[in-house]
Amino acid sequence: MDDPLVIAGRELRSRLITGTGKYGSPEAMRDAVIASGCELVTVAVGRIDLDHVDEAITDYLPEGVSLLPNTAGSASAEEAVRIARLARAGGLPDWIKLEVIPDPRYLLPDPVGTLEAAERLVDEGFTVLPYVLPDPVLQKRLESVGCAAVMPLASPIGSGRGLKLRHAIEIMVEQAEVPVIVDAGLGAPSHAAECLELGADAVLVNTAIARADDPAAMAHAFRLAVEAGRAARLAGLIEERETAEPSSPLGGLAARS
Amino acid sequence: MSGEGVAVTVTVNGREQATGPGETVESLLEHLGLGAQFALVERNGEPVERARYGETRLEDGDRLVVARPVAGG
């Protein structure tokens, strides 16, 4: 496989991971997942409503797509560990997108609770991908306890504002020992391309695709942007300059002296 | 006192549920119409391994959470 994304020894062709939330219908989700070309999709774990048992989201996922369960709804390390254990015991993969989010307004993750839960889950044999603020010091701590990747947010979940914390993510990329997957806040394919251009290993996108007028078409656009961003990273971007550097001879045919 | 013929009442997702003696996690899921669901089960705060659904017998007063993968990011 040419230039795969490798997480915990597993090779993935696609550097785009998608969420399954916020779609208008499960059919729209399925079509978008197919169009995205992704191999990994996130799901949450929720109680079954015993009075209204509808179809399961998993019935709509295409063949060959793996589930990445998350710990959404956890405000503490304990709750996150509980969800991860329930998911694995019930037969979901032992990969877990760890999120510990006590704050409902900005949905920012708790770094202390995240580190604590990460350590416990790694000890229990999970492959842990924690959702974090772009904090290069926390990144090192999470790497040292054995996390398989770190997932810094670009801007708050669902905000669509793009890479508002770019410089911190650049530091994380520069010092990364496990993949950096930018997760949350990406609103446009150009934001995803920017992440890959600066060296992020992958991106996770949900709202920008699910809430687009045409989710499948937007998923395709993100796929192209991720491929373009990665290709640009490998090609080597030029250095920015303060002044112009002509692309054509300045003299032309006119004599200037 | 959990012998044959004694009714067993458990709580499932916060709702009381009367079951027969010898009810297991697997048979409870069937009775709830969840047999075809990819259900995840927690019993008294501890996750139940899928491979043990058929042998895990419910006891009076058990608190169960029945969950599944749902849409999320």
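Biologist: Which residue is the bridge partner of A:V43 in β5(B)?

Modeller: The bridge partner of A:V43 in β5(B) is B:A71. This is a predicted model, in which local features need pLDDT of at least 70 and side-chain atom pairs count only at pLDDT 80 or more, while totals for chains, interfaces and linings use all residues. Residues are numbered from 1 along each chain as its sequence is written, and chains are lettered from A in the order in which they are written.

Biologist: What makes β4 of chain A and β5(B) a pair of strands?

Modeller: Two strands pair if DSSP finds at least two bridges between them, a strand being a DSSP run of E with at least two residues, numbered from the N terminus. Five bridges join β4 (residues 40-47) of chain A to β5(B), and the two run antiparallel.

Biologist: How many residues does each chain bring to the contact?

Modeller: Chain B brings 25 residues and chain A brings 29, where contact requires C-beta atoms, placed from the backbone, within 7 Å. The largest share of chain B's side, seven residues, comes from β5(B).

Biologist: Why are the buried residues of α4(A) said to line one face of the helix?

Modeller: The buried residues (20 or more other C-beta atoms within 10 Å of their own) of α4, residues 136-144 of chain A, are A:L138, A:Q139 and A:L142. Seen down the helix axis, they fall within an arc of 105 degrees, so they line one face. The arc is that of the directions from the axis to the C-beta atoms.

Technical notes. A residue is buried if 20 or more other C-beta atoms lie within 10 Å of its own, exposed if 12 or fewer, and partly exposed in between; C-beta atoms are placed from the backbone. Helices (H or I, at least four residues) and strands (E, at least two) are DSSP runs, numbered from the N terminus. Two residues are in contact if their C-beta atoms, placed from the backbone, lie within 7 Å.
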